[in-house]
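Work through the exercises below with the model open. Each task is followed by a solution in steps.

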Amino acid sequence: MYKRIAFTVNGKAYDFEVDVRESLLDVLRSHLGFTGAKQGCGVGECGACSVLIDGVPTDTCIYLAVWADGKEIRTIEGVAEKNGELSEVQKAFVDEGAVQCGFCTPGLVLTTTALKESGKDYTREELKRELSGHLCRCTGYQNILKAAEKSLEGHVCTCVDSPHYKGE
């Protein structure tokens with residue numbers, strides 16, 4: 001069974017029919033050519049397939065394409081600046097050596113981008129929790145956490161008089 005859906009990816013509108021059983025990951029990669037999201041675990045545990053759907057990090061391997069009808073999707077291909085330069089988040093990941101094989105990097109960059117765009121302040125522990133849905137087998141997470149903190153400079157609370165401080 002097929003259903004006609006319409007959504008935007010990185011600001012461009014798409015309108016077409018999809019198999020109602022097809023994941024958004026399959027549609028993005030196979031039909032639209034957005035290969036930055038990767039097939040990792042296939043059960044929503046590793047974050048390699050993450051994109052932003054209406055600004056929320058979402059595992060597309062377990063998200064049906066038909067659920068994306070009317071949504072705004074941003075993939076890693078849509079994160080760089082309009083002039084082609086890396087975004088602040090991407091630069092921080094490069095600067096902090098938080099990229100190695102690159103398999104997990106798109107999902108981590110998108111999640112960090114969503115955190116940055118939220119404008120909220122995070123403690124280090126909250127930041128760890130927000131990034132915990134992503135598995136990385138290369139970096140050991142410290143560089144990833146440093147990159148996320150660098151990206152969110154001014155939004156990561158470390159002072160003891162902060163309302164977010166919990167004695168970490």
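**Exercise 1: Cysteines**

C104 is buried, at a relative accessible area of 8% (buried is under 20%, exposed over 50%, partly exposed in between, with a 1.4 Å probe and protein chains only). The model is predicted: local features need pLDDT of at least 70, side-chain atom pairs count only at pLDDT 80 or more, and totals for chains, interfaces and linings use all residues. Residues are numbered from 1 along each chain as its sequence is written, and side-chain values use heavy atoms, with hydrogens and water left out.

Task: How many disulfides does the structure hold?

Solution. 
- Step 1. Apply the cut-off: a disulfide is a pair of cysteine sulfur atoms within 2.5 Å.
- Step 2. Check C104: the closest cysteine sulfur belongs to C136 and lies 3.6 Å away, so the pair is too far apart for a bond.
- Step 3. The count for the structure is 0 disulfides. C61 is in none, its nearest cysteine sulfur being that of C49 at 3.7 Å.
- Step 4. C61 is also buried, with a relative accessible area of 14%.

**Exercise 2: The sheet**

Task: In which order do the 5 strands of the open sheet lie?

Solution. 
- Step 1. Strand β3 (residues 50–53) pairs with β4 (residues 56–59) in the antiparallel sense over 4 bridges, and S50 has D59 as its bridge partner. The two strands form a hairpin with 2 residues between them, where D54 has a positive phi of about 50 degrees.
- Step 2. β1 and β5 run parallel and are joined by 2 bridges; there T8 has E72 as its partner.
- Step 3. The order is β2-β1-β5-β3-β4, with mixed pairing. Because β2 (12–19) and β4 are at the edges with a single partner strand each, one side of each has no neighbour in the sheet.
- Step 4. From one strand to the next, the twist averages 40 degrees.
- Step 5. Strand β1 (residues 2–9) pairs with β2 in the antiparallel sense over 8 bridges; I5 has F16 as its partner in β2.

**Exercise 3: Helices**

Task: At what angle do α2 and α3 pack?

Solution. 
- Step 1. Axes are lines fitted to C-alpha atoms, for helices over the stretch in contact, and angles run from 0 to 180 degrees between N-to-C directions.
- Step 2. Helix α2 (residues 88–95) packs at about 130 degrees to helix α3 (residues 105–118), and the axes are 9 Å apart. This makes α2 oblique to α3, since under 35 degrees counts as roughly parallel, over 145 as roughly antiparallel, 65 to 115 as roughly perpendicular and the rest as oblique.
- Step 3. E88, V89, Q90 and F93 of α2 meet residues of α3 including L108 and T112.

**Exercise 4: V27**

Task: Is V27 buried or exposed?

Solution. 
- Step 1. V27 lies in helix α1.
- Step 2. Its relative accessible area is 0%, so V27 is buried.
- Step 3. Not counting residues up to four places away in sequence, V27 touches F7, F16, V18, E22, L32 and A65 (contact means heavy atoms within 4.5 Å).
- Step 4. The C-alpha atoms of V27 and T60 are separated by 9.6 Å, with the two residues 33 apart along the chain.

Key
Pairing = 2+ DSSP bridges.
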